[in-house]
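Colleague: I am new to reading protein models. Could you take me through this one, feature by feature?

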Amino acid sequence: MPPKPKISKDMLIDAAFAVARETGAENINARTVSKKLNCSTQPVMYHFATIEALKKAAYQQAEKYHTEYLMNVPEDVMLGIGLNYIRFAVEETHLFRFLFQSGYAAENSLLEMVNSQQLLPVISAMQEAMGLRMEQTKEVFVTLALFVHGYASIIANNSLEYDEAVIAAHLERVYTGAILAMREELA
């Protein structure tokens, strides 16, 4: 029986995630990942048939990290999730680009994303905060997502400075308007 590998698949995924976080997903390769773990490139090739498979595994870890980041809201869920999304683009620029500008997302459209299992915790928290039905919450989410993602993308690509007070005021107007519009449609 061959000896157990000292470098596990999870360790490689963690290292690839760290590379994506520090220098960008485009830098995930056998050499950079093995360097993180102070090992040869052999464990990378043993556990992953391709570097693409390793990048997809690192992407899944980044998605989980992002969801936890978004959900860390103390009070106003609606404002908190939106601000966290934008703050994520500021604090985790490389991961933001990996998640939303690299083409690795499993969903091909915003509507697919809204209906994905990965987004269910966010949508559920928003539904509870707004007191709307799930389908109505998803409609409001789409409006907010377009606004928040635009802000975050502009910031992540160094075209806008982050000013939380200004962004919070804009975001509050957008989500208040989206909720009011949804309630008017129901009346």
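Modeller: Start with one residue. Leu79 is buried, at 14% relative accessible area. Buried means under 20% relative accessible area, exposed over 50%, and partly exposed in between, with a 1.4 Å probe and protein chains only. Before we go on: this is a predicted model, where local features need pLDDT of at least 70, side-chain atom pairs count only at pLDDT 80 or more, and totals for chains, interfaces and linings use all residues. Residues are numbered from 1 along each chain as its sequence is written, and side-chain values use heavy atoms, with hydrogens and water left out.

Colleague: Where is Leu79 found, and which residues is Leu79 in contact with, leaving aside neighbours within four places in sequence?

Modeller: Contact means heavy atoms within 4.5 Å. Leu79 is found in helix 5. With neighbours within four places in sequence set aside, Leu79 is in contact with Ala168, Leu171, Glu172 and Tyr175. Now check a distance. Leu79 and Ala169 are 90 residues apart along the chain, yet 9.4 Å separates their C-alpha atoms.

Colleague: How many helices and strands does the chain have?

Modeller: First, the rule. Helices (H or I, at least four residues) and strands (E, at least two) are DSSP runs, numbered from the N terminus. This chain has ten helices and zero strands. The pattern along the sequence is α-α-α-α-α-α-α-α-α-α. The C-alpha trace spans about 70 × 35 × 30 Å along its principal axes.

Colleague: Which residues of helix 6 are buried?

Modeller: Think about the helix itself. An α-helix has 3.6 residues a turn, so residues three or four places apart point the same way. In helix 6, the buried residues are Thr93, Leu95, Phe96, Phe98 and Leu99. Their cover includes helix 1 (9-23), helix 4, helix 5 and helix 9.

Colleague: What follows helix 6?

Modeller: Gly103 follows, with a positive phi near 85°. Here is the general idea. Most residues other than glycine have a negative phi. Now look at Asn38. Asn38 is not a glycine, but its phi is positive, about 55°. Asn38 is found in the loop between helix 2 and helix 3. At 72% relative accessible area, Asn38 is exposed.

Colleague: How do I read a pocket?

Modeller: Rolling a probe the size of a water molecule over the atoms shows where empty space is left. The test uses a 1 Å grid over the protein atoms alone: a pocket is an open set of points where a 1.4 Å probe fits, with protein on both sides within 12 Å along at least five of seven lines, and lining residues have an atom within 4 Å of a point. A volume is the space filled by probe spheres set on the points, which are joined across faces, edges and corners. The largest pocket here has a volume of about 730 Å³.

Colleague: Which residues lie nearest the centre of the largest pocket?

Modeller: The lining has 35 residues, and Tyr85, Phe100, Met113, Leu119 and Phe141 lie nearest the centre. Helix 9 gives the largest share of the lining, six residues.

Colleague: Where does Phe141 lie, and what does Phe141 touch?

Modeller: Phe141 lies in helix 9. Phe141 counts as buried, at 9% relative accessibility. Not counting residues up to four places away in sequence, Phe141 touches Met113, Val114, Leu119, Val122, Ile123 and Met126. Phe141 and Met126 are 15 residues apart in sequence and 8.2 Å apart in space, C-alpha to C-alpha.
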